Amino acid sequence: MKRLGALLASLLLAGSLTACGGTAAQEMQSIQVFAMDTVMGLRACGGETEAALAAAEDEIYRLDEALSRTREDSAVSRLNSAAGGTPVDVGEELRDLIARALDFSAATDGAFDITLAPVSSAWGFTEDTYRVPEDAELALLLPCVGAEHVHLEEGTAVSLDQGTQIDLGAIAKGYASDRMAAIYQEHGITHGIVDLGGNTWVCGGNLEGEPWQIGIQDPARSAGALAGILEASDAFAVTSGGYQRYYTAPDGTVYQHILDPKTGYPVESDLLSVSILCDNGTMADAYSTALYVMGSAGAQAFWRTHGGFEMILITTAG
Ligand code: AMP
Ligand code: MG
């Protein structure tokens, strides 16, 4: 098993301590947060910087709790543990996020699927107890997988069919990055970068007035080795790849954490990673996972049909 931190590692940004504009010259301030199973780095300058970073940190911890399926008291856990068909009031925020996840499932023809939770657990990816499940075990779980088993009920309630459970791991950090962008905006931040472990949002360019540079991990090389650098101001950039998290079985077979909803097996495709660049963090996160499942031909077809984002596909052929 191996976990690599940020894939879209924000490069060290030269001159980050120089003053930035505003009535009183300020310096870029930064914090590090450990949440959602990863190290997160936030930098901000301009506006109410300290208040923005404090609010951002609180919000990350709040979302880590609210969207987790391993914390017993989270709304996601309450939903997952309710008897099949029982509506559970999950609150407006979570219901809206689940509704968006269902839209992403529909748009990606089921490649993006939040109901893989029991299958992911069978492989031990959620609990860090890695194993290769029997085909018969997967065959019992697969009938409960699919967006059609999730029902948006009256008000802010959601229900799941018997045996269905959800996991928002493929979308939670992207949603958190959207929330970070809102908080920065509320506090008048003019320059900043938010790196939520591979889900990056850049705001307003760097202090030299140039775009931020976002390093894209070369998935075939060791952590920190870059395949290239993206330059962006005011954009979300998210990468998904099998190399981020995987398990090597005793016979040497590598099983990676992104699953094909049709088979319940780790995706086998001609892709090593997918990076998505667009103006919405939740969408970037959902699409990076889904397009990885589709493989390069499917991802290109999807991009041509849907548009609204840019992508970098790194194939097994390099
Ligand atoms: P990401 O790193 O955003 O690509 O999300 C990967 C995580 O989402 C995995 O570790 C699983 O918890 C979950 N997952 C795995 N396969 C899928 C899938 N096809 N659709 C949605 N979530 C998935
Ligand atoms: Mg994702």
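**Sheets, helices and a metal site**

Modeller: Let's begin with an open sheet of three strands, ordered S4-S6-S5 and paired antiparallel. Strands here are DSSP runs of E with at least two residues, helices are runs of H or I with at least four, and both are numbered from the N terminus.

Biologist: And the ground rules?

Modeller: It's a predicted model, so local features need pLDDT of at least 70 and side-chain atom pairs 80 or more, while totals for chains, interfaces and linings use all residues. Residues count from 1 along each chain as its sequence is written, chains are lettered from A and ligands numbered from 1 in the order written, and side-chain values use heavy atoms, with hydrogens and water left out.

Biologist: What puts S4 and S5 at the edges?

Modeller: Strand S4 (88-89) and strand S5 (150-152) each have a single partner strand, so one side of each has no neighbour in the sheet.

Biologist: How do you know that S5 and S6 pair?

Modeller: The rule asks for at least two DSSP bridges between two strands. S5 and S6 (residues 157-160) have three, in the antiparallel sense, so they pass. Leu152, for instance, has Val158 of S6 as its bridge partner. Helix H3 (residues 91-107) lies across S4, S5 and S6, at about 125 degrees to S5.

Biologist: Why is strand S7 described as largely enclosed?

Modeller: Six of the six residues of S7 (residues 191-196) are buried, so the rest of the structure largely encloses this strand. Buried means under 20% relative accessible area, exposed means over 50%, and partly exposed is in between (1.4 Å probe, protein chains only). Both faces of S7 are covered: His191, Ile193 and Asp195 on one side, Gly192, Val194 and Leu196 on the other.

Biologist: How do you know that the magnesium ion (ligand 2) is coordinated?

Modeller: Donors are N, O and S atoms within 2.8 Å of the metal (3.2 Å for Na, K and Ca), and water is not among the atoms, so sites may look incomplete. Ala170 (O), Asp285 (O), Asp285 (OD) and Thr289 (OG1) sit at 2.1 to 2.4 Å from the magnesium ion, so they qualify as donors. In sequence, the spacing of the donor residues is A-x114-D-x3-T. Ala170, in the loop between S6 and helix H6 (172-186), and Thr289, in helix H7 (residues 281-306), are 119 residues apart, so the pair links distant parts of the chain.

Biologist: Is Thr289 buried or exposed?

Modeller: Buried, because Thr289 has 12% relative accessibility. Ala170, at 23%, counts as partly exposed.

Biologist: Why is Asn80 called buried?

Modeller: Because its relative accessible area is 9%. Asn80 is in helix H2 (residues 75-81) and touches Arg69, Leu160, Gln165 and Ile166, leaving aside residues up to four places away in sequence.

Biologist: What is the phi of Asp109?

Modeller: Near 55 degrees, a positive value in a residue other than glycine. Most residues other than glycine have a negative phi. Asp109 lies in the loop between H3 and helix H4 (117-122) and is exposed, because its relative accessible area is 67%. Asp37 has a positive phi too, near 65 degrees, but Asp37 is partly exposed at 48%.

Key
Contact = heavy atoms within 4.5 Å. Axes fitted to C-alpha atoms, helices over the stretch in contact; angles between N-to-C directions.
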